[in-house]
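Hi there,

Here is the structure I promised to pass on. Have a look at it first, and my notes follow below.

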Amino acid sequence: MAKKKKGKKGKKSNEPPEPPSEFDNMPAEALEARIKEMTIDLNKLQIERNYMQLERDTISTFYDITRKEVKELDLEIMAKDREMETMEENHQVEIKVYIQKVKHLEFEHKTNSKK
């Protein structure tokens, strides 16, 4: 069997060193003041983030409720359409029955008037 080659040993990574940051040369008092400022900013941002999440949840809930209402209204509209169709069909049947009665009465009137 052939031997598997392992990765090269002893190879050092050629990662560049981190660039110096603005905090490297600051005195301790300035760093503490900066920490306090950043803590205040963090708290403000957390409050704002929570508010945005609450707004998002409220809007999502409103959207879900509205979508449900729209579905219910669509079902009501479909039911009313079916009801209108059946009423129209019944009306047409009633008209035909009425016309048939009129024809029957006219026929009876003609036959009675001939006698």
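**What I found**

Of the 115 residues of the protein, 0% count as buried, where buried means under 20% relative accessible area, exposed over 50%, and partly exposed in between (1.4 Å probe, protein chains only). Please keep in mind that this is a predicted model, in which local features need pLDDT of at least 70 and side-chain atom pairs count only at pLDDT 80 or more, while totals for chains, interfaces and linings use all residues. Residues are numbered from 1 along each chain as its sequence is written, and side-chain values use heavy atoms, with hydrogens and water left out.

The secondary structure comes to 1 helix and 0 strands; helices (H or I, at least four residues) and strands (E, at least two) are DSSP runs, numbered from the N terminus. Helix H1 covers residues 28-114. The accessible surface of the protein is about 12200 Å², and 59% of that belongs to carbon and sulfur atoms (Shrake-Rupley method with a 1.4 Å probe; for residues, only the protein chains shown count as cover).

Next, the salt bridges. The count comes to 4, taking a salt bridge as a side-chain nitrogen of Lys or Arg within 4 Å of a carboxyl oxygen of Asp or Glu. Among them are these:

- Arg 56 pairs with Asp 57 at 3.2 Å, N to O. Arg 56 is exposed at 51% relative accessible area, and Asp 57 is partly exposed at 39%.
- Arg 67 pairs with Asp 64, with 3.2 Å from N to O. These two are 3 residues apart in helix H1, so about one helical turn separates them. Arg 67 is partly exposed at 39% relative accessibility, as is Asp 64 at 35%.
- Lys 80 pairs with Glu 83 at 3.8 Å, N to O. Both lie in helix H1, 3 residues apart, about one turn of the helix. Lys 80 counts as exposed at 51%, whereas Glu 83 is partly exposed at 38%.

There are also surface patches to look at. Patches are made of residues with over 30% relative accessible area and no salt bridge, joining like charges within 9 Å and nonpolar side chains (Val, Leu, Ile, Met, Phe, Trp, Tyr) within 5 Å. Asp 81, Glu 85, Glu 88 and Glu 89 gather in a patch of negative charge. Here Lys and Arg count as positive and Asp and Glu as negative, with His and the chain ends not counted; a charge is placed at NZ of Lys, CZ of Arg, CG of Asp or CD of Glu. Ile 95, Tyr 98 and Ile 99 make a nonpolar patch of about 290 Å². Of these, Ile 99 is found in helix H1 and is partly exposed, at 41% relative accessible area.

Best wishes
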